[in-house]
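Keep the structure open while you read.

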Amino acid sequence: MANQNRNQNQNRNQNQNQNQNQNENQNQNQNQNVNRNQSHDPHQNAAMEEEFNLRETRPSLGGGRVAGNDRVGTAFDLVEQMDYLYVRIVKSKELPGNPDPYVELNLGGLKSSTRHLQKTSNPEWNQVFSISKDQINAPHIEISVKDKSRGGGDGLIGMILLDGIDVPRRVPPDSPLAPEWYRLENQRGERVPGELMFAIWMGTQADEAFPEAWHLDAVSVNGEGVNGIRSKVYLSPRLWYLRVNVIEAQELQISDKNRQQPEILVRVSHGESVLRTKISQSRNVNPLWNEDLMFTVSEPFEDQLVLCVEERIGNKKDELGQCVIPLNGVEKRIDFKPPGSRWYNLEKPNAGGNGQRNASRINSRLHLRICFDGGYHVLDELTHYSSDLRATARQLWKPAVGVLELGILNAQNLAAMKSRDGRGFTDAYCVAKYGQKWIRTRTILNSFNPKWNEQYTWEVYDPCTVITVGVFDNCHLQGVNAGGKDSRIGKVRIRLSTLETGRVYTHSYPLIVLSPSGVKKMGEIQLAVRFSCASLFNVLQLYTQPLLPSLHYLQPLSCQQVEVLRYQATQIVSTRLGRAEPPLRKEVVEYMLDVGSNMWSMRRSRANHFRMAGILSVVAKILKWFDQISSWKSPLMTGLVHIVFLVFICFPWLILSTVFLYLFLIGTWNYRGRPRNPPHMDVKLSKADMALNDELDEEFDSFPTSVKQMEVLKSRYDRLRSLASRVQTVLGDMATQGERFYNLLSWRDPRATALFLIFCLVATVVLYITPLRVVVIVMGFYSMRHPRFRDRLPSCPMNFLRRLPARTDGLL
């Protein structure tokens, strides 16, 4: 029976190995097919790479200013000038009857109207309308005053007809144009009772009236949707790390006093975040923990901190008492001094007669130390994409070192994100995030080539930060996909340290989105970026300072704590910005903050593997070069290396200076080929063009998984086991080599340790007698000896090391 079981297990293991090999071969074949298909036509590959590349542009910035010009700019010198016609409807007087008046603008088929007022002959509107000059296709401007209460007809009270050529032009910083009274006429040009006060002028997007204007090209949006398409600036909530140090409890009243060694812990909750201490090691009614729990909270501190002492009885928990602590009075710490501790009385929750929970005072107490740690920077972004590295406490902030200016010009060839009546269209807007400041451009309706030409400014406190710009489709206008989410079109990241000071970068960035169906270019966005600083010395000085505030290094947080706190921070930011008006929706904030980017992905793992291979390739090239020297493939080069080696031995003080001189010469030579453009999303680097469909399905799957097909889960599990087995083997081999070095002196193998000690004694005598230069020369010439004096078998030290024992003998 034992032999049969053993044979069955062996057969089962062989079958599993065969299945794994088959899966690996299938994946390799699929990858080879993909690579073969991609490399079949070099012209097609070149066109694909060109499609996803960055393109430098030269737009006409600031009304004639060309990118690259060093002339001092203005407030709108990073965008193209856009001309608008503005009409400010102020009020009317002496209208006949008691109408429900409103004003309607008609410009070549584009119509828009003010709100209507009830039963008044002297209404006041104070509304501004605008339309792009490019969309004006009529010579006359018709402004009509109408009565909404009139039945039949159009309810016309009077109208004013203006010639578009006579419209004056306003150039800021001139004061706003004063409105004037105009007499109303009927359609035959005859005077009718009533007058209308308004102002009309030509201006640009720099006009003060631009943010509040109703755009005539967005007349299909009304009501609350009008506010949702305007540009807005948002500020992230001020985030803090809340540290709760649970020290001890006294005189707890457990339900069964005869129970020996009760298991007691403390559950701490703030909002939806819940953390628990470990079970106290002192199994009595006076438990001791001395454990830190940390939360992410935001100002204003609306939620309270709730602590509950629980006793674990099998699978059940008995609540021994709780206390509720408001956060408004909690100490804010900016240094490294521990805050003062305090005893809090516990209360016992009871169920009232009317179903409400009441609390009664008990004699138990809980010893706590609570504070806000303002010396940390609350991470709501990934560290390598962070746009702000300052501590929470404003007392620790340093002055800004520069200014970042961003001009969002336009987008080209955007994909259709939704459809209506069988026709695709896109309502695009942009969101940019840097530091605590978020900006949202206005929504351009029904356009695949929208033009925003909006400019924004941020203060820069650290140049080693990243600004993120995302493009989205507004899905919440006029009930179109009202219950859906704003679709992502793509995003761009720009690291400020890669920008030259004072230079204007104008490029068209590809908008790339990865979906379960593969990678796709959704269009392009044209940006103008400039980073300027007043003192280059202050910027260079930051390169010698820690990246994060000092508390991150003096009292570091664990990786698990950082992940949990970052998740809490992103949820707080998305909730708070979603409560603004108009809301910056959760899906937008999470996409900008890269929520979920740390989840498992075969594609990312492969990309990181190739990144690591690229780094190690330099070491491999050096080893290959030395192998060529040692094998005497080029006798002349090998002879020169021998001469340089002897010079370094005779004059050792030249080694470091030569190394640094060589690095200086390499860096100077590489200056000619320095990158001229900022980095962008690289499809090839991300291995998005080589990802298989099943890998993308796994990457976009939710956590926990939402897949119900067992075959799909089985294939993913087998693939993960196959990859994990290789990683496990590599880690095991690394641990084995380390343990072998350790066992040189541990007497695990007495004979090997004795041989090594004898070798150490002989080496001590030889190295004491022989000059160091002679030893190094012998070692160098021995390693570069001619191939005829070499043996293909492993060397004696390698054989000795491989025979040493490791702790693998004790593994099951």
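How many of the 9 residues of strand 7 (residues 124-132) are buried? The count is 7, so strand 7 is largely enclosed by the rest of the structure. Buried here means under 20% relative accessible area, exposed means over 50%, and partly exposed lies in between (1.4 Å probe, protein chains only).

Before going further, a word on the ground rules. This is a predicted model, where local features need pLDDT of at least 70 and side-chain atom pairs count only at pLDDT 80 or more, while totals for chains, interfaces and linings use all residues. Residues are numbered from 1 along each chain as its sequence is written, and side-chain values use heavy atoms, with hydrogens and water left out.

**The chain overall**

The protein chain comes to 15 helices and 32 strands. Both are DSSP runs numbered from the N terminus: helices are H or I with at least four residues, strands are E with at least two. Of the 812 residues in the protein chain, 41% are buried. Take the contacts (heavy atoms within 4.5 Å) with a separation of 6 or more: 70% of them join residues 24 or more positions apart.

**Strand pairings**

Strands of a sheet pair through backbone hydrogen bonds, either parallel or antiparallel. Two strands count as paired if DSSP finds at least two bridges between them. Strand 7 turns up in two of the rows below.

| Strands | Sense | Bridges |
|---|---|---|
| Strand 4 (residues 83-93) and strand 7 | antiparallel | 7 bridges |
| Strand 7 and strand 12 (residues 214-215) | parallel | 2 bridges |
| Strand 23 (residues 402-412) and strand 32 (residues 518-533) | antiparallel | 10 bridges |

At the residue level, Tyr86 has Ser130 in strand 7 as its bridge partner, and Phe129 stands opposite Trp214 in strand 12. Over in strand 32, Ser532 is the bridge partner of Val403.

**Nonpolar cores**

A nonpolar core is a set of buried Ala, Val, Leu, Ile, Met, Phe, Trp, Tyr and Cys residues joined through side-chain atoms within 4.5 Å. The largest one has 37 residues, and Leu406, Trp458, Ile525 and Leu527 touch the most other members. Strand 32 gives the most to this core, with 5 residues. Look at Ile525: leaving aside neighbours within four places in sequence, its contacts include Ile408, Cys430, Val469, Val492 and Leu511. Apart from this core lies another, of 30 residues, among them Val244, Val309, Leu346 and Ile362.

**Two crossing helices**

The axes of helix 8 (residues 602-630) and helix 9 (residues 635-650) come within 8 Å and cross at roughly 100 degrees. That makes helix 8 roughly perpendicular to helix 9, a label for angles of 65 to 115 degrees. Trp625, Gln628 and Ile629 in helix 8 meet Met637, Thr638 and Val641 in helix 9. These contact residues divide into 4 nonpolar, 2 polar and no charged.

**A loop residue**

Finally, Gln281 sits in the loop between strand 16 (273-276) and strand 17 (288-298). Gln281 is exposed, with a relative accessible area of 69%.

Methods
Axes fitted to C-alpha atoms, helices over the stretch in contact; angles between N-to-C directions. Parallel < 35°, antiparallel > 145°, perpendicular 65-115°, else oblique. Nonpolar A, V, L, I, M, F, W, Y, C, P; charged D, E, K, R; others polar.
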